[in-house]
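Here is a short note to read beside the model. The points run from terms and layout to single residues.

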Amino acid sequence: MTAIPSTRPLGPRMRVDVAAADSWLVIELQGELDIATVPAVVEQAETAIAMAGAPRLALDLSRVSFCDSSGINAFIRLWKRLRAAGGELALLRPHRRVATVLRRTGLDRVLRICEALPV
């Protein structure tokens with residue numbers, strides 16, 4: 001991965017690392033995705049998208065231990081924003097707890113969920 005500016009702790013419960021890989025902008029999240037951390041995560045994602053000009057965004061969720069409805073809402077908002085711009089959103093390797101939430105909400109049938117970056 002080629003680094004793009006940013007490794008940023010968003011308080012004690014969330015860390016965000018941004019990198020470029022192939023034609024994807026990859027944002028690795030670590031911690032809890034909830035009402036307290038989502039606004040900063042979305043802001044970081046939108047800033048990174050604007051800086052990279054990349055309409056292909058992958059959120060690596062392998063180290064996200066918790067995701068509430070605000071996290072789900074953030075996925076939907078980012079997906080809609082990218083889709084409107086002709087881009088794509090992929091959720092990579094969701095932690096089993098997050099995968100359960102995606103499955104229970106039916107988002108696993110709408111959003112692209114992968115174990116590796118799509119080609």
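1. Terms. Helices and strands are DSSP runs, of at least four residues (H or I) and at least two (E) respectively, and are numbered from the N terminus. In those terms, Arg93 belongs to the loop between β5 and α3. The model is a predicted one.

2. Overall layout. The protein has three helices and six strands, and along the sequence their pattern is β-β-β-α-β-α-β-α-β. Of its 119 residues, 45% are buried. Among contacts with a separation of 6 or more, 60% are between residues 24 or more positions apart. The exposed surface comes to about 6,200 Å², of which carbon and sulfur atoms supply 52%.

3. Pairing of β3 and β4. Strand β3 covers residues 24-33, and β4 covers residues 56-67. The two pair in the parallel sense, over eight bridges. Glu32 has Phe66 of β4 opposite.

4. Pairing of β4 and β5. These strands are also parallel, with five bridges between them. Two of the facing pairs can be picked out in the model: Asp60 is opposite Leu92, and Leu59 is opposite Leu91. To get from β4 to β5 the chain passes through helix α2, residues 69-84, in a right-handed β-α-β crossover.

5. Is strand β5 enclosed or open to the outside? Buried means under 20% relative accessible area. Four of the five residues in β5 (residues 88-92) are buried, so the strand is largely enclosed by the rest of the structure.

6. Pairing of β5 and β6. Strand β6 consists of residues 112-114, and its parallel pairing with β5 runs over three bridges. Ala90 has Arg112 as its bridge partner in β6.

7. How many cavities of 30 Å³ or more does the structure hold? There is one. The volume of the largest cavity is about 40 Å³. Its lining is made up of Leu29, Leu33, Val41, Val42, Leu59, Ala74, Phe75 and Leu78. At least two lining residues come from each of β3, α1 (38-52) and α2, and α2 contributes the most, with three. Leu59, which lines this cavity, is also the residue that stands opposite Leu91 in β5.

8. Asp22. Asp22 sits in the loop between β2 (14-21) and β3. A residue is exposed when its relative accessible area is over 50%; Asp22 has 78%, so it counts as exposed.

9. Arg93. Here too phi is positive in a residue other than glycine, with a value near 40°. As set out in the first point, Arg93 is in the loop between β5 and α3.

How values were computed:
Residues are numbered from 1 along each chain as its sequence is written. This is a predicted model: local features need pLDDT of at least 70, side-chain atom pairs count only at pLDDT 80 or more; totals for chains, interfaces and linings use all residues. Side-chain values use heavy atoms; hydrogens and water are left out. Buried means under 20% relative accessible area, exposed over 50%, partly exposed in between (1.4 Å probe, protein chains only). Two strands pair if DSSP finds at least two bridges between them. A crossover is right-handed if, with the strands pointing away from the viewer, the path from the first strand over the helix to the second runs clockwise. Contact means heavy atoms within 4.5 Å. Accessible areas come from the Shrake-Rupley method with a 1.4 Å probe; for residues, only the protein chains shown count as cover. On a 1 Å grid over the protein atoms alone, a cavity is a set of points where a 1.4 Å probe fits but cannot get out, and a pocket is an open set with protein on both sides within 12 Å along at least five of seven lines; lining residues have an atom within 4 Å of a point. Grid points are joined across faces, edges and corners, and a volume is the space filled by probe spheres set on the points.
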